[in-house]
Amino acid sequence: MNTLIDSDDRVMTHDSAEETVSALREHPGSSACIVLEGPTEDELKHLGEAFDLHPLALEDASHGHQRPKLERYGDSLFLAVHPIAYTDRTEKLTLNEVHAFTGPNYFLVTMPEGGPGETVVRQMQRAFRRPHLDPHNPQTLLYFLLDGVVDGYEPVIMDLEEDLDNIEEDLFAGGNTSQRIYELFNEVVKFQRATRPLSYMLELLMRGAEKYETPEQLHPHFRDVRDHVLRALEHLDSLRSALQNALTVDATLVGQRQNDAMKKLSSWAAILVVPTIIAGIYGMNFENMPELNWPLGYPFALGLMVVIAGGLYGIFKKKNWL
């Protein structure tokens, strides 16, 4: 996306970032909106020279893998945020990375190849369809970028909550959920790391609103985005606590199942040891032993085994050991 908004609020689309930069120089009082997916080193260098971008900000945008942050370099602003997608089948988060440069008359967004370019472009088009928020001002475009990123968190959180409900059902149904709980817990922690800095970043934006001449009509909108971030963080904290509790419950249930198994094994061992003892006594083959010549000795021994074993079985069954 390469767009120029001139002083008469006319939106003109160009085929390349170079054409947009040239048109920006030819139309004083205009502003540019450029969205690049997978820019090359040369493209970033050219844009850095055209907009006088700070070398450190360009280096961050070029190398990627940045934590969410907000840096101000003179009259320009560098922002790194992480749009998030969730694959329900694999229960894995996909963290994309978007970098934005905001200056007096430009708004430049870059992202790696395969990033959420279409989503960012839709957000910019939303800004152009709402002229009451003045899309001519690059900070308006910054608001729409942040609003789109944060709005994308809500469906991901809903999917995570649905998976948590499924885990809880499987947990009490006796399923093996330990690994699933642990992996989902790690995804929630990853989500928190990508989201938590946004609250502070938006607070910094609002603190500098007057100093950096942020339009007054944007103030409540930035506050609204921050409220959405705080709400998302509260949900993530609840999810994290619920998953920690699920891990504790799972460990307790596993221990209980092991204890029940040990009870059954111990009960059967006690039942079987009685016939073994009786048979062992009468199998010692001594010549002088009582009952060896007793006609009822054999049925008596068998009956004794059955009675004692049956009595033990009844006792253990009553105690729910079997």
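How many residues does helix H6 have, and how far does H6 reach from its first C-alpha to its last? I found 20 residues (153-172) and a reach of 29 Å. That is close to the 28 Å expected at 1.5 Å a residue. The expected span is 1.5 Å times one less than the number of residues. Helices are DSSP runs of H or I with at least four residues, strands are runs of E with at least two, and both are numbered from the N terminus.

I noted my sources next. This is a predicted model, where local features need pLDDT of at least 70, side-chain atom pairs count only at pLDDT 80 or more, and totals for chains, interfaces and linings use all residues. Residues are numbered from 1 along each chain as its sequence is written, and side-chain values use heavy atoms, leaving out hydrogens and water.

Then I checked burial in H6. Buried means under 20% relative accessible area, exposed over 50%, and partly exposed in between (1.4 Å probe, protein chains only). Tyr153, Val156, Ile157, Leu160, Asp163, Leu164, Ile167 and Leu171 are buried. Seen down the axis of H6, they fall within an arc of 120°, so they line one face of the helix. The arc is that of the directions from the helix axis to the C-beta atoms. The face turned away carries exposed Met158, Glu169 and Phe172.

Last, I looked up Leu198, in helix H7. Leu198 is buried, at a relative accessible area of 2%. Beyond four places in sequence, Leu198 touches Val81, Leu146, Val150, Tyr153 and Val229 (contact means heavy atoms within 4.5 Å).
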